[in-house]
Amino acid sequence: MEIRHIGLMIESLSGYGSPILKGISRYAQQKNDWRIAFFDRERRELADLLASWEGDGIICTAVDQRFGDAALGRKIPVVNVAALIDEPKLLTVIGDDHAAGRMGAEFFLDRGFQNFGFIRRRDSSRYAKNRSDGFSDRLAENGFKAESISLSQGNADSELVEWIGSLPRPLALLGAIDRLG
């Protein structure tokens, strides 16, 4: 039996990193030929490691374009499990963010809400746009519209408090990511 060395470069402290690692662990337990190497380092170090690690495959969260470029330069399978960069050539396995936004809207609609808001960071990527679009599309089907805010990094707390205070009650809010929620 040939042993496969699989590198995991997944941000374990992020909201989605831990469940991804659990799923990979469950799968790897069924694969007697897998040996897992987990790399938990700074982003810049991981990009360098991704470019040079000698294994049979890598499962990673491509966190920025430098990381994506390093993955594309490899001659081994590299699977990205994050929607942080928009790189069509990179093999990416992610959830359906548009559907997630629709599900959020359905959750609130089922509870009778009529006032809605969507929160994202100003530097948000494709996943935030897709979640916002799904949320807005589903609300529009019922004749509603969501207010939205794109928070800056510096004064996000005061900006958010002021924005929420200006919205009608009762209010249902959906955040683009867990931390914003």
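1. Among contacts in the chain with a separation of 6 or more, 59% are between residues 24 or more positions apart. Please keep in mind as you read on that this is a predicted model.

2. Next, the overall layout. The chain has 6 helices and 7 strands, and from the N terminus on these elements run β-α-β-α-β-α-β-α-β-α-β-α-β. The C-alpha trace spans about 60 × 35 × 25 Å along its principal axes. Of the 181 residues, 41% count as buried.

3. Helix H1 is a friendly first stop for the eye. H1 covers residues 17-29, which makes 13 residues, and reaches 18 Å from its first C-alpha to its last, close to the 18 Å expected at 1.5 Å a residue. Which residues of H1 are buried? They are Gly17, Leu21, Ile24 and Ala28. These four sit on the same side of H1, because they cover an arc of only 65° around the axis. The face turned away from that buried side carries the exposed residues Pro19, Lys22, Arg26 and Gln29. As for partners, the buried residues of H1 pack against strand S1 (4-9), strand S2 (34-38) and strand S3 (57-60).

4. Let us look at one residue of H1 in detail. Isoleucine 24 is found in this helix and counts as buried because its relative accessibility is 12%, where buried means under 20%. Leaving out residues up to four places away in sequence, isoleucine 24 touches Leu8, Ile10 and Ile59. For a sense of distance, isoleucine 24 and serine 150 are 126 residues apart in sequence and 33 Å apart in space, C-alpha to C-alpha.

5. Histidine 5 lies in S1 and is partly exposed, with a relative accessible area of 37%. Not counting residues up to four places away in sequence, histidine 5 touches Arg35, Trp53, Gly55, Asp56 and Gly57.

6. H4 has 14 residues and reaches 20 Å from its first C-alpha to its last, close to the 20 Å expected at 1.5 Å a residue. Its buried residues are Asp97, Gly101, Gly104, Ala105, Phe108 and Leu109. Seen down the axis of H4, they fall within an arc of 135°, so they line one face of the helix. On the face turned away from the buried side are the exposed residues Met103 and Asp110. The buried residues of H4 pack against strand S5 (116-121), H5 and strand S7 (172-175).

7. That brings us to H5. This helix has 16 residues and reaches 23 Å from its first C-alpha to its last, close to the 22 Å expected at 1.5 Å a residue. Buried in H5 are Tyr127, Ala128, Ser132, Gly134, Phe135, Arg138 and Leu139. Seen down the axis, these residues fall within an arc of 160°, so they line one face of H5. What covers them includes H4, S5, strand S6 (146-151) and S7.

8. Is serine 132 buried or exposed? At 8% relative accessibility, serine 132 counts as buried. Its place is in H5, which covers residues 126-141. Leaving aside neighbours within four places in sequence, serine 132 is in contact with Phe118 and Arg120.

9. Finally, two backbone details to check on screen. Most residues other than glycine have a negative phi, and most peptide bonds are trans. After H5 comes glycine 143, whose phi is positive, near 80°. A cis peptide bond joins arginine 169 and proline 170, with omega about -10°. Proline 170 itself sits in the loop between helix H6 (156-165) and S7.

Conventions:
Residues numbered from 1 in each chain as written. Predicted model: local features only at pLDDT ≥ 70, side-chain atom pairs only at ≥ 80, totals over all residues. Heavy atoms only, no water. Helix = DSSP H or I, 4+ residues; strand = E, 2+ residues; numbered from the N terminus. Buried < 20%, exposed > 50% of the residue type's maximum accessible area, 1.4 Å probe, protein only. Contact = heavy atoms within 4.5 Å. Expected span 1.5 Å × (residues − 1). Arc of directions from axis to C-beta.
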